[in-house]
Each structure stands twice: as C-alpha cells, then as structure tokens.
Amino acid sequence: MLLAIDAGNTNLVFALVDGGEIKARWRIATDPRRTADEYAVWLHQLIELEGFPKDVVQAVIICTVVPRALHNLEVLASKYFHREPLVAGTGTAAWPIDLDVDEPQNVGADRALNAIAAHSKYPGDLIVIDFGTATTFDLVDAAGAYKGGIIAPGINLSLDALVSAAAKLPRIAIEAPRDDMPVVGRTTQDQMLNGIYWGYVSMLEGLTGRMKKELGRPATVVATGGLASLFDKHTDVFDAIEPDLTIQGLSLLYDMATRTPQ
C-alpha cells in the first residue's frame, strides 16, 4: 500500500491508500521537532492495531507546508519503511497541472493537491474551500489549471485571537448554533458563538459569491477539511464535501509520477 503523509500547520495525517481507496488514516499534532524514531514507534503500533502486516507500506509520498518537518518524515520513510519517498511538487512528483499565478513557487502543496483531486472528480470550473489552520478558497478552471485564490484566517485561529486579546472572554467550543437560538445572543457565550459561526458563514457565502461573479460563469464549490460538515447544515454554498481531498490528491500524484510511459 501507499503511505500518504499530509503535514499541515496544525495536524499531520498519515493514510494507507490501496488502489485510490483510503484503508486507514491517523492524525497527530504537527511538531517539527518530532523525530523519525518517534513517528515510527507511534505509526507502527497503529498499523498493527488496524490488523495490517509490518511490511504493508510499499511506497511513500509526502506533502508538507511545514518545511522543518520534511527531513524527519523522509528519514521515517527510508529508515523504517525502507522506501525512498516522493515529495509532492518536486522531482518526479512535480506538479502535473498549470499553476497559473504570479508566484507559482509559493502555492501551498496542499492547495495544488486539492486542485488535482477535485478536477479528477468534478467537471468544469471549481472553487475548492479547505478548512485548515487557514481557510483557503482556490479557483481551478475546467482544464485543471490552478488560477489563484483567497487566504483567510481559520475559524479556530480567529477564536484563539479573540480570546487571547480580550481578557474577559471565555474559550468556547466551535459548534453550530441550536435551531432555536436567536442571532442576537443574550449571554456572552451565545454572542461569541453567533459572531464566530454566522460571521464565518457570511464570509463563506460572500467570498464564494464574489469569486463566481468575477469568474463570470458557474463553478462547482467543493469543500474539504474537518470543519466543512460543521457549516453544511446552515448554508447551501457547498455543492460537495470531500473530507480527504488532499490525501486523494497525493494518491493521484503518486500514480501519475510512477506511471510507466506507454
């Protein structure tokens, strides 16, 4: 199987992929100081708990937006799985799509992978929304080219900033408001939840609407990331939710990079 590794700013995801199907996935907090040895102890135990043999990993591909984390992940692949990893966006795993922006070298690997995966599943122009440390909005044209996007603070990052800057505001859980909960809150917690949640819904609808207006033609909106389903109940902005879009992109990129020319 393919071990696909997605190292984000907040979390690092390991997934076992077989024939494009995700068989198992595990998540750990991103820490660039974590060594290959620490990863190996943790990951080998989880692989065994899922009932897979020790030699199940036959290939490794890595995506990271945290450069300091890359070396230890490469050591993990070579030392403990005896595989030379591919790194998304480099070497034989160079991007197979056009990054049609002014600074293509600065496009995050996760955003390029999302574009690859979304284009493989949905026809026409696309807007891909990824809920991570930042919330990103990416435009992918009908030919699969990445055309640019928007970067906004992630919802947890927004809440952290609010709580840390206002001494009397409590930390609250991010959740959808109750159906009977008025927008005008009567407690501090309700007011904070409404501000964060409905403010975010308004941002999603507003920015997506502006992108469609600027594009001048219809676009399918695909959401990914753990928080996508949190908003789906209260907005019709999403046409589809794909929780594992980045991992799917890694699997597709690996297949493209290792395909034998005919």
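**Entry 1: Leu215**

I started with Leu215, which is found in helix H5 (residues 188–215); helices here are DSSP runs of H or I with at least four residues, strands are runs of E with at least two, and both are numbered from the N terminus. I am working from a predicted model, where local features need pLDDT of at least 70, side-chain atom pairs count only at pLDDT 80 or more, and totals for chains, interfaces and linings use all residues. Residues are numbered from 1 along each chain as its sequence is written, and side-chain values use heavy atoms, with hydrogens and water left out.

Is Leu215 buried or exposed? Leu215 counts as buried because its relative accessibility is 17%; buried means under 20% relative accessible area, exposed over 50%, and partly exposed in between, with a 1.4 Å probe and protein chains only. I then looked up its contacts (heavy atoms within 4.5 Å). Leaving aside neighbours within four places in sequence, Leu215 touches Asp125 and Leu139. I also checked Leu215 against Leu113: they are 102 residues apart in sequence and 22 Å apart in space, C-alpha to C-alpha.

**Entry 2**

Next I traced an open sheet of five strands, ordered E8-E7-E6-E9-E10 with mixed pairing; two strands pair if DSSP finds at least two bridges between them. Its edge strands are E8 and E10, each pairing on one side only. E6 and E7 run antiparallel and are joined by six bridges, and Val128 stands opposite Asp138 in E7. H3 packs on this sheet, touching E6, E7, E8 and E9, and its direction makes about 130° with that of E6. H5 packs on the sheet too, touching E6, E7, E8 and E9, with its direction at about 20° to that of E7. For these angles, axes are lines fitted to C-alpha atoms, for helices over the stretch in contact, and the values run from 0 to 180 degrees between N-to-C directions.

I gave E9 a closer look. Four of the five residues of E9 are buried, so E9 is largely enclosed by the rest of the structure. E6 and E9 run parallel over five bridges, and Ile127 has Val221 in E9 as its bridge partner. E9 also runs parallel to strand E10 (residues 240–241), with two bridges; there, Ala223 is partnered by Ile241.

Helix H3 (residues 109–121) has 13 residues and reaches 19 Å from its first C-alpha to its last, close to the 18 Å expected at 1.5 Å a residue; the expected span is 1.5 Å times one less than the number of residues. H3 is mostly covered, with ten of its 13 residues buried. What covers the buried residues of H3? The list includes E4, strand E6 (126–131), strand E7 (134–140), strand E8 (146–153), strand E9 (220–224) and H7.

Asn114 sits in helix H3 and counts as buried, because its relative accessibility is 0%. Not counting residues up to four places away in sequence, Asn114 touches Val128, Asp130, Thr224, Leu245 and Thr246.

**Entry 2: the other sheet**

I then turned to an open sheet of five strands in the order E3-E2-E1-E4-E5, again with mixed pairing. Strand E3 (21–29) and strand E5 (86–87) are the edge strands, each pairing on one side only. Strand E4 (residues 59–64) pairs with E5 in the parallel sense over two bridges, and Ile62 has Val87 in E5 as its bridge partner.

Helix H1 (residues 36–49) packs on this sheet and touches strand E1 (2–7), strand E2 (11–18) and E3, its direction making about 140° with that of E3. Helix H7 (residues 245–258) packs on the sheet as well, touching E1, E2, E3, E4 and E5, with its direction at about 125° to that of E1. H7 has 14 residues and reaches 20 Å from its first C-alpha to its last, close to the expected 20 Å. Its buried residues are Leu245, Thr246, Ile247, Gly249, Leu250, Ser251 and Leu253.

**Entry 3: H1 against H2**

Ala36, Asp37, Tyr39, Ala40, Leu43 and His44 in H1 meet Asn72, Leu73, Val75, Leu76, Lys79 and Tyr80 in H2.
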